[in-house]
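This report walks through a protein structure, moving from overall figures to individual strands, rings and side chains. Please keep the sequence and the coordinates at hand while reading.

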Amino acid sequence: MSDHHVADANDHPPPHPPDGGGGGGGLPGGAQRKEIYTYKAPWTVFAMAWSHRPEPDTQFRLAIGSYVEQYSNTVSVVKKRPPESGRSGGSADSAGDPSGQMYQACEFDHPYPCTKILWSPDTRSGGSRDLLATTGDYLRIWNVADDGSGRGTLIPTKEALLNNNKNSEYCAPLTSFDWNEADPNVVGTSSIDTTCTIWDVQAQTARTQLIAHDREVFDLAFAPRGRDVFASVGADGSVRMFDLRSLEHSTIVYESRNLDPLLRLEWNRQDPNYLATFAVDSRRTVVLDIRVPSAPAAELGGHGGCVNAAAWAPHSSCHLCTAGDDSQALIWDLSSMTQRPVEDPILAYGADGEINNLQWSASQPDWISIAFGDKLQILRV
């Protein structure tokens, strides 16, 4: 394994309160010690996901996907050893750096770039399967297992390719998906063919497929703590909510100005009344209260370029991170948004390039990951 992707770290300024504000901004779980780790891939990084499952001798474990405009693409699983494991000195081997930096634990080929990657939310440790899902031309399920070498490296195996259109050579690319946390046997995918499909992972079959929007569907998310309610956004500029128990009805929660296409949808992990979304080429993130359809609860500016990603804090109902083409990752405190407009973020981080993606670790909520250019960067907040 070549060492061109072993990372170096700690050479960037830490996240800082904009305009000299108070450090940490009262973010629950925030730490005083600022740490940044950078992993350099041999390709542009786009899809990205934190593992939910605790693993001995591993501080972090993420999956990242390449964005190369050709058929052959790659998924890598990247790990970081805890800082203590390397303090005895010793030299780095090709599998990783014992000083606690990040290393590639495995990689596998993927047709076309992944539009999204997620690890299974089933965190029962000791389970025989450690599952990872990807979307692109199809939904694929992968299993990664320790290779027994004692070096922290893994063996990936493709478990399933799920295709609900076996009678046609044409496949409508999948734009995104979500893995149901309440029932890890359920995955929902969104497609450019206007449909959303709900899959049974174990049976490897589609439970239901529905026409969700008038045009392409760009994202889908299940409501937290439930197995039946999900929402989607798409090129028709609407946010729609569905209930698997009564699919003959859907609710249009919001429509964007001029019906501009909505790209992403993020459900608040702690308060299921709130969603965040943003439109294509927009510098603003819209926060919605589903109890008050049509009017945004808040609109967040702050970015000097279009927003590419948003993520709610997994441990706090009022903190949201946004990132965009202005190379900025901004953390917002929305605790007072019902009283007054939210004008400024409480934390800002400047990356060395346009940020294409952002994830907030659910299992380690002090950490956020961003992707820009060929780099995955992990920031302590």
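## Overall make-up

Among contacts in the protein between residues at least 6 apart in sequence, what percentage join residues at least 24 apart? The value is 51% for this structure, which is a predicted model.

The secondary structure consists of 28 strands and zero helices. The protein has 381 residues, of which 55% count as buried, and its accessible surface comes to about 16,100 Å², with 45% of that area belonging to carbon and sulfur atoms.

## Strand β11 and its two partners

Strand β11, which spans residues 186-191, is mostly covered, since six of its six residues are buried. The cover extends to both faces of the strand: Val186, Gly188 and Ser190 are buried on one side, and Val187, Thr189 and Ser191 are buried on the other.

Strand β10 (residues 174-179) pairs with β11 in the antiparallel sense over five bridges, and a hairpin of six residues joins β10 to β11. Within this pairing, Phe177 has Thr189 of β11 as its bridge partner. Strand β12 (residues 195-200) also pairs with β11 in the antiparallel sense, over five bridges, and here Val186 stands opposite Asp200 in β12. The hairpin formed by β11 and β12 has three residues between the strands, and Thr194 in that turn has a positive phi of about 80°.

## Two aromatic pairs

The structure holds nine aromatic pairs. In one of these, the ring centres of Phe46 and Tyr67 are 6.3 Å apart and the planes stand at 70°, so the pair is classed as edge-to-face, a label that applies to planes over 60 degrees apart. The pair links distant parts of the chain, with Phe46 in strand β2 (residues 45-50) and Tyr67 in the loop between β3 (60-66) and β4 (72-80), 21 residues apart. Phe46 counts as partly exposed at 22% relative accessibility, and Tyr67 also counts as partly exposed, at 40%.

A stacked aromatic pair is formed by Phe230 and Phe242, whose rings lie 5.1 Å apart centre to centre with 20° between the planes. Because Phe230 belongs to strand β15 (residues 229-234) and Phe242 to strand β16 (residues 238-243), the pair ties together parts that are twelve residues apart in sequence.

## A ring cluster and charges over rings

Ring pairs also link Tyr37, Trp50, Phe60 and Trp367 into a cluster. Which residue lies over the face of Tyr37? That residue is Lys80, at 4.5 Å from the ring centre of Tyr37. In another arrangement of this kind, Arg61 lies over the face of Trp119, at 4.2 Å from the ring centre.

Arg269 is found in the loop between β18 (262-267) and β19 (274-279), where it is partly exposed, with a relative accessible area of 24%. When residues up to four places away in sequence are not counted, Arg269 touches Glu181, Phe222, Pro224, Arg225, Trp312, Ala313 and Pro314. With Glu181, the side chain of Arg269 makes a polar contact to the side chain, at 3.1 Å. As for Pro314, Arg269 is 45 residues away from that residue in sequence, while the two are 5.6 Å apart in space, C-alpha to C-alpha.

His319 has its place in strand β23 (residues 319-324). With a relative accessible area of 3%, His319 is buried, and a polar contact of 2.7 Å joins its side chain to that of Ser316.

Key:
Residues are numbered from 1 along each chain as its sequence is written. Side-chain values use heavy atoms; hydrogens and water are left out. Rings of Phe, Tyr and Trp (its six-membered ring) pair if their centres lie within 6.5 Å; planes under 30 degrees apart count as stacked, over 60 as edge-to-face and the rest as tilted. Helices (H or I, at least four residues) and strands (E, at least two) are DSSP runs, numbered from the N terminus. Buried means under 20% relative accessible area, exposed over 50%, partly exposed in between (1.4 Å probe, protein chains only). A charge sits over a ring if NZ of Lys or CZ of Arg is within 6 Å of the ring centre and within 35 degrees of the ring normal. A polar contact is a pair of N or O atoms within 3.5 Å; within protein, one must be able to donate a hydrogen and the other to accept it, and residues adjacent in sequence count only if both atoms are side-chain atoms. Two strands pair if DSSP finds at least two bridges between them. Contact means heavy atoms within 4.5 Å. Accessible areas come from the Shrake-Rupley method with a 1.4 Å probe; for residues, only the protein chains shown count as cover.
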